[in-house]
Amino acid sequence: MTEQEKQPTEDMIAEEMVTEETQPEQVETAEESAENAEANEETDALEEAILRVQELEQQLVEAAQKEQESLLRARAEMENVRRRAEQDVEKAHKFALEKFAKEILNTIDNLERALTTPANKEDECVKGLFDGVELTLKDLLATVARFGIEPVGVVGETFNPDLHQAISMQPTEGFETNQITVVLQKGYLLNSRVIRPAMVMVAA
């Protein structure tokens, strides 16, 4: 066999050797690709699971915050209701007598008018009558005072529109402007609330 005929054969053998050496590498590369793809899938699934857990944790935190806010609002509302109820009860206790107090003021007015009636107080009968009326008035005022009823409107006081009702204003000697000069009818308070303003005349 000539050198030229041998040469192709050697070349073919070399190519076969190269092919045999290359095939295992290609097989290994395919396996690695499959493993890498599987690993990527597992990584993606893990990341998705982690994101889902984080999302659920965030939802749990938000739900806990909403629950806490609802609880605080409910407590605040209960406290407001309790406080309003206490105030209503307190007002009911303080001003339950308001209607009765307004009615009894007429009796007090009549007793005071009786004491200002012109009469001969030197007469023993008349004097005894006046003394009885005076004691009755004094006792009645003491009784209503124990229940929070007190008179307002005194000559010389400064006029207060919250407590007094001015009938007229005129210059009066011996009084400063806005001082009460005459009390036509006493006013009364019930636990510091005006149930009847005093009718007065005021210095201008």
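Modeller: Happy to. Helices (DSSP runs of H or I, at least four residues) and strands (DSSP runs of E, at least two) are numbered from the N terminus. What you see is a predicted model, in which local features need pLDDT of at least 70 and side-chain atom pairs count only at pLDDT 80 or more, while totals for chains, interfaces and linings use all residues. Residues are numbered from 1 along each chain as its sequence is written, and side-chain values use heavy atoms, with hydrogens and water left out.

Here is the setting for the core. The protein chain has three helices and six strands, and along the sequence they follow the pattern α-α-α-β-β-β-β-β-β. Of its 204 residues, 16% are buried, where buried means under 20% relative accessible area, exposed means over 50%, and partly exposed lies in between (1.4 Å probe, protein chains only). Among contacts (heavy atoms within 4.5 Å), those between residues 24 or more positions apart account for 61% of the ones with a separation of 6 or more.

Now to the core itself. A nonpolar core is a set of buried Ala, Val, Leu, Ile, Met, Phe, Trp, Tyr and Cys residues joined through side-chain atoms within 4.5 Å. The largest one here has 14 residues, and the members with the most contacts inside it are Ile108, Leu140, Val144, Ile149, Tyr188 and Ile195. Two or more residues each come from helix H2 (98–115), helix H3 (124–146) and strand S4 (187–190). H2 supplies the largest share, five residues.

Charged residues come next. A salt bridge is a side-chain nitrogen of Lys or Arg within 4 Å of a carboxyl oxygen of Asp or Glu, and by this rule the count comes to 10. Arg196 forms one of them with Asp109, with the closest N and O atoms 2.7 Å apart. This pair links distant parts of the chain, since Arg196 is in strand S5 and Asp109 in helix H2, 87 residues apart. Both Arg196 and Asp109 are buried. In another pair, the side chains of Glu112 and Lys186 meet at 3.3 Å, N to O. Glu112 lies in helix H2 and Lys186 in the loop between strand S3 (180–185) and S4, so this bridge ties together parts 74 residues apart in sequence. Glu112 counts as buried because its relative accessibility is 18%, whereas Lys186, with a relative accessible area of 30%, is partly exposed.

Asn191 has a phi near 50°, a positive value in a residue other than glycine, and counts as partly exposed because its relative accessibility is 28%. Ser192 lies in the loop between S4 and S5 too. Phi of Ser192 is near 70°, again positive in a residue other than glycine, and Ser192 counts as exposed because its relative accessibility reaches 64%.

Leu97, Phe100 and Phe147 make a nonpolar patch of about 300 Å². Such patches are made of residues with over 30% relative accessible area and no salt bridge; like charges are joined within 9 Å, and nonpolar side chains (Val, Leu, Ile, Met, Phe, Trp, Tyr) within 5 Å. Accessible areas come from the Shrake-Rupley method with a 1.4 Å probe, and for residues only the protein chains shown count as cover. Phe147 lies in the loop between H3 and strand S1 (149–152), and counts as partly exposed because its relative accessibility is 47%.

Finally, a word on confidence. The predictor's confidence in each residue is its pLDDT, from 0 to 100; the chain's mean is 82, with 81% of residues at 70 or more. Confidence is highest in strand S6 (residues 198–203), at a mean of 95, and lowest in helix H1 (residues 3–95), at 73. Residues 18–27 stay under 50 and have zero contacts beyond four places in sequence. Where pLDDT is low, the predicted coordinates should not be read in detail.
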